[in-house]
Amino acid sequence: MSDYTQAPACTMMATTCAICDRPLLDAKSLEVGMGPECRKKYGYAAEAKLAGEEARTAANVLIHQVALDRSAQTILAASTALHLLGFNRVATSIVAKAASVTYIVLAVILLIVGLTVHWE
Ligand SMILES: [Zn+2]
C-alpha cells in the first residue's frame, strides 16, 4: 500500500464538505471530507459499504483533495479515481456540483460583459 499519509490531503484537514461547502463538525465528516447529509444524499454510505477498507481510505483522501482544492483539474482527477474505486454517485455529484458553480461564475461574467457592452 502506498504511503497516503504523506499526501497533502492528509497533512491538511478539510473543514468544509467537498460537495456543499458547509462546515464539517464531527469526526466522521472530517475523516471523509463530506458532511452527513451529503454522505446520505449522494450515496457515500452505500458505496463505502461495498468498497473495501483500502478503497474507502483512498476515496476519503480524494474527497479531501476536492474539499481543499476545487480547481477543475483536481475535481476531474478525483472524480475519475472515485469512479474507478466504485464511488460512482459521489464522483458524479462532485463534478455536478463543481459544474453548477462554474456555470454561475460564467453567468455573472456574461452579465457584467453584457452590461458593459450595453453602456458603451
Ligand atoms: Zn455537504
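Visitor: Is Cys 20 buried, exposed or partly exposed?
Guide: In this predicted model, Cys 20 is partly exposed, because 14 other C-beta atoms lie within 10 Å. A residue needs 20 or more to be called buried, and 12 or fewer to be called exposed.

Visitor: Thanks! Where does Cys 20 sit?
Guide: Cys 20 is in the loop between helix 1 and helix 2.

Visitor: And what is Cys 20 in contact with, leaving aside its neighbours within four places in sequence?
Guide: Cys 20 is then in contact with Gly 35 and Cys 38.

Visitor: Where is Asp 21, and is it buried, exposed or partly exposed?
Guide: Asp 21 lies in the loop between helix 1 (8–11) and helix 2 (27–32). Asp 21 counts as partly exposed because it has 13 C-beta neighbours inside 10 Å.

Visitor: Let's zoom out. How many helices and strands does the chain have?
Guide: There are seven helices and zero strands. Reading from the N terminus, the order is α-α-α-α-α-α-α.

Visitor: How much of the chain counts as buried?
Guide: Of its 120 residues, 32% count as buried.

Visitor: And what share of the contacts links residues 24 or more positions apart?
Guide: Such pairs make up 51% of the contacts in the chain with a separation of 6 or more.

Visitor: Now for helix 5 and helix 6. At what angle do they pack?
Guide: Helix 5 (residues 53–68) and helix 6 (residues 72–85) pack at about 165°, and their axes are 9 Å apart. Because of that angle, helix 5 is roughly antiparallel to helix 6. Their crossing is left-handed.

Visitor: Which residues meet there?
Guide: From helix 5 come Ala 55, Ala 58, Ala 59, Leu 62, Gln 65 and Val 66. On the helix 6 side are Thr 74, Ile 75, Ala 78, Ala 81, Leu 82 and Leu 85. By class, this contact has 10 nonpolar, two polar and no charged residues.

Visitor: How far does helix 5 reach, end to end?
Guide: Helix 5 has 16 residues and spans 23 Å from its first C-alpha to its last, close to the 22 Å expected at 1.5 Å a residue.

Visitor: Which residues in helix 5 are buried?
Guide: The buried residues include Arg 56, Asn 60, Ile 63, His 64 and Ala 67. Ala 58, Ala 59, Leu 62, Gln 65 and Val 66 are buried too.

Visitor: Last one: is Leu 76 buried, exposed or partly exposed?
Guide: Leu 76, found in helix 6, counts as partly exposed because it has 13 C-beta neighbours inside 10 Å. The C-alpha atoms of Leu 76 and Ala 91 are separated by 8.9 Å, and the two residues are 15 apart along the chain.

How values were computed. Residues are numbered from 1 along each chain as its sequence is written. This is a predicted model: local features need pLDDT of at least 70, side-chain atom pairs count only at pLDDT 80 or more; totals for chains, interfaces and linings use all residues. Axes are lines fitted to C-alpha atoms, for helices over the stretch in contact, and angles run from 0 to 180 degrees between N-to-C directions. Helices (H or I, at least four residues) and strands (E, at least two) are DSSP runs, numbered from the N terminus. Angles under 35 degrees count as roughly parallel, over 145 as roughly antiparallel, 65 to 115 as roughly perpendicular and the rest as oblique. A crossing is left-handed if the near helix is turned anticlockwise from the far one by less than a right angle, and right-handed if clockwise. Two residues are in contact if their C-beta atoms, placed from the backbone, lie within 7 Å. Ala, Val, Leu, Ile, Met, Phe, Trp, Tyr, Cys and Pro count as nonpolar, Asp, Glu, Lys and Arg as charged, and the others, Gly among them, as polar. The expected span of a helix is 1.5 Å times one less than its number of residues.
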